[in-house]
Amino acid sequence: MFPITVGAAILNQTPLDWPGNHRRILSALREARAAGVSVLCLPELCLTGYGCEDAFHAPGTAQRAERMLADLLPETAGSVVAFGLPVLHHKALFDAAALAVDGRLVAVVAKRFLAGDGIHYEPRWFKPWREGERAMVHLAGHDVPIGDLLVEVGGVRIGFEICEDAWVAGRPGAALASAGADIILNPSASHFAFGKIDVRRRFVTEGSRAFNVAYVYANLIGNEAGRAIYDGGALIADSGRIVAAGPRLGYHEHHVTAATIDVDAGRFAAARSASFLPRLEEPLGLVTTPFAWPAAAGAPAAASTSDAAWEGSPRRKEEEFTRTLALALFDYLRKSRSQGFVVSLSGGADSTAVATLVAMMARLGVAGLGADGFRARLAHLRVLAPGAGGRLVASLLTTVYQGTANSSDDTRVAARRVAGAIGADHLELDVEPFVRGYTEAVGKALGRAPTWQDDDIALQNIQARARAPGVWMIANLRDALLLATSNRSEAAVGYTTMDGDTCGGLSPIAGIDKAFLRTWLAWMQTDGPLGIGPIPELEVVTSQRSTPELRPLEAAQKSEDDLMPFPVLDAIERMAIRDKLAPVEVFKAMRALHPDQPGERMRGWVVRFFTLWCRNQWKRERFAPSFHLDDENLDPKTWCRFPILSGGFAEELAELRALAPATKA
């Protein structure tokens, strides 16, 4: 037996936060040493932070990362540690992992496959390293090889797949395995998406099995730079089994997951495999360095059962949504140094969801850190009530109901009850005088009074916009962050008032559809997150149909009457935007999905969607930053680019209208 204790660290880093990033890495190194870890993998670009964007092009970014690396090298005495950082070589910047052995820098491995789709933009900053190429670089006071390398440390061969390297068909692990790799380290910055952990588990497990190696996967945790959220979830696999799995979506700044693996067992597993074909000549990229391996901390690990109980929930999407958004809000609050949140609480589903998520942030944060730990992490707050109850939420969240002549008692009562149930500091404002004042002033200037018959949209919008100044003022007075409440479904068709319900510095639910929000609120009402429980009072919201309450009450305005049923809207959006289907193709697919709907009605809905989508791209461009939750995001800054001015699918919609009249199936 040749036991070695390996570890993977998750870190809650912040781009360009040099003292903070250094402190968290140092804490992880010391935690790993205390756990007896001999080989530690840190996340991708952990020295600088992954989300530095165009600051990667500033010379000081790579230079400061190099100085931090030099400062941390002595902390690797007696161990092997992989650090992630940008490295400048031959006028090109590379996303690299620097391997330190016993206080010395011995090699730098550069990423071969760059992530350049969706939320990722790595080719803008980095160059991919070509397979089989090696060079020398001077880094942190050491002249070391850089490139496509395999490092033999005290007789144990260690290779790298850096994040995207493991997601491609021709992943480097196969070549590393044939060259005799014993351990593959994967320093990653893999953002959260619903269900994505299952994919990670598969490639880690399969990499371990197919390559006959111990596979160590490290990741970031938390809201690092504003939009992307990292869920942690360190993984260690050996002999095709996950032997250790770290926590996901937790509130601690760092965590080390460790396991003891048997190098000899992996070697003999390869020897028994008829399909294993070793490279008998030494690879050109082999770097050899001496190292005396310390005694392992324990026996080789059995299969892991360390996942949190909520991971196995049949409602895991609801659990993931709650915990991801709560963590994202927590990190945004402390990293922006805001003094709390303000939500314009209308009594409807969207604003209720946003306010409830803030309450979940407090409850899950206290559950994860303890009341004292939670308060310590938010030490910048001038006022934070002690304990874990409603007073704590009240010091973090202000909700504001802003009624007009068209607001009902139902929504006023609903907002009041929701605020009371979650413990918010609740205010009520009457903005009808401002609505009348604007309407009368504009009417006087135009020489005519606006009427509902001729000016419906303008009269609806002025109510939403009249609510903005007051709630902004409350946010300013409290030095708090105003949260916008628009969802993805309404963003797709522009069913939102710019500078009205879109006002805010952050838009937490702009990446999630209305149908899921309704499902989630119903789940929050009856079940809630494991260990936290439900909020039964949400029934006052879930029992209502969605209404903006912008027309006179006798009009009985409903959002779906203005648009179409939200499940239909969401399905059309996915086909049109995610799947890139033409209007005729969308119509045919929707007819197959909803044969109960008259064809003319479905055709009208499809035409309405494409028309409103094109007309309202400018609104999506102006939304406050939102969180990335899945690969169906409409955010033009991170996922879905579309021209502000376009032909509006005029020819395609003409083809749809020209189809033979469709009748009810």
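## Interior and helix packing

Once its neighbours within four places in sequence are set aside, Leu185 is in contact with Val39, Cys41, Ala82, Leu99, Ile158, Gly159, Phe160, Glu161 and Val216. The model in which these contacts are found is a predicted one. Leu185 belongs to the largest nonpolar core, which has 100 residues, and is listed there with Leu99, Phe321, Met361 and Leu396 among the residues that have the most contacts inside this core. The element that gives the most to this core is helix H8, which spans residues 349-377 and supplies 14 residues.

Gly368 and His252 are 116 residues apart in sequence, yet their C-alpha atoms are 7.8 Å apart in space.

### Packed helix pairs

Two packed helices are described by the angle between their axes and the distance between the axes.

| Helix pair | Angle between axes | Distance between axes |
|---|---|---|
| H11 (residues 432-446) and H12 (residues 456-466) | about 130° | 9 Å |
| H20 (residues 599-615) and H22 (residues 650-657) | roughly 175° | within 11 Å |
| H15 (residues 514-526) and H18 (residues 566-578) | roughly 130° | within 8 Å |

Helices H11 and H12 pack at an angle of about 130°, and that angle makes H11 oblique to H12. The crossing in which H11 passes H12 is right-handed. On the side of H11 the contact is made by Phe434, Val435, Tyr438 and Thr439, and on the side of H12 by Leu459, Ile462, Gln463 and Ala466. Sorted by class, the contact of H11 with H12 has 6 nonpolar and 2 polar residues, and no charged ones.

Helices H20 and H22 cross at roughly 175°, and they are therefore roughly antiparallel to each other, since angles over 145 degrees count as such. H20 contributes Arg603, Val606, Val607, Phe610 and Thr611 to their contact, while H22 contributes Leu653, Leu656 and Arg657. By class, the contact of H20 with H22 has 5 nonpolar residues, 1 polar residue and 2 charged residues.

For helices H15 and H18, whose axes cross at roughly 130°, the result is that H15 is oblique to H18. The contact is made by Lys514, Ala515 and Arg518 of H15 together with Phe566, Pro567 and Asp570 of H18. The residues of the contact of H15 with H18 divide into 3 nonpolar and 3 charged, with no polar residue.

### Individual residues

Helix H11 is also the place of Glu432. The relative accessible area of Glu432 is 14%, and this residue is buried because its value falls under the 20% limit. Apart from its neighbours within four places in sequence, Glu432 is in contact with Gly403, Thr404 and Ala405.

Leu286 is found in strand S16, which covers residues 286-289. When its neighbours within four places in sequence are left aside, Leu286 is in contact with Leu150, Glu152 and Arg157. The C-alpha atoms of Leu286 and Glu75, which lie 211 residues apart along the chain, are separated by 25 Å.

Leu16 has a phi near 65°, a positive value in a residue other than glycine; Leu16 is placed in the loop between strand S1 (3-11) and helix H1 (18-34), and with a relative accessible area of 37% Leu16 is partly exposed. Asn212, although not a glycine, has a positive phi of about 55°. The loop that holds Asn212 runs between helix H5 (196-211) and strand S11 (214-223), and Asn212 is buried there, with a relative accessible area of 15%.

Notes: Residues numbered from 1 in each chain as written. Predicted model: local features only at pLDDT ≥ 70, side-chain atom pairs only at ≥ 80, totals over all residues. Heavy atoms only, no water. Core = buried A, V, L, I, M, F, W, Y, C linked by side-chain atoms within 4.5 Å. Buried < 20%, exposed > 50% of the residue type's maximum accessible area, 1.4 Å probe, protein only. Helix = DSSP H or I, 4+ residues; strand = E, 2+ residues; numbered from the N terminus. Contact = heavy atoms within 4.5 Å. Axes fitted to C-alpha atoms, helices over the stretch in contact; angles between N-to-C directions. Parallel < 35°, antiparallel > 145°, perpendicular 65-115°, else oblique. Left-handed = near helix turned anticlockwise from the far one by under 90°. Nonpolar A, V, L, I, M, F, W, Y, C, P; charged D, E, K, R; others polar.
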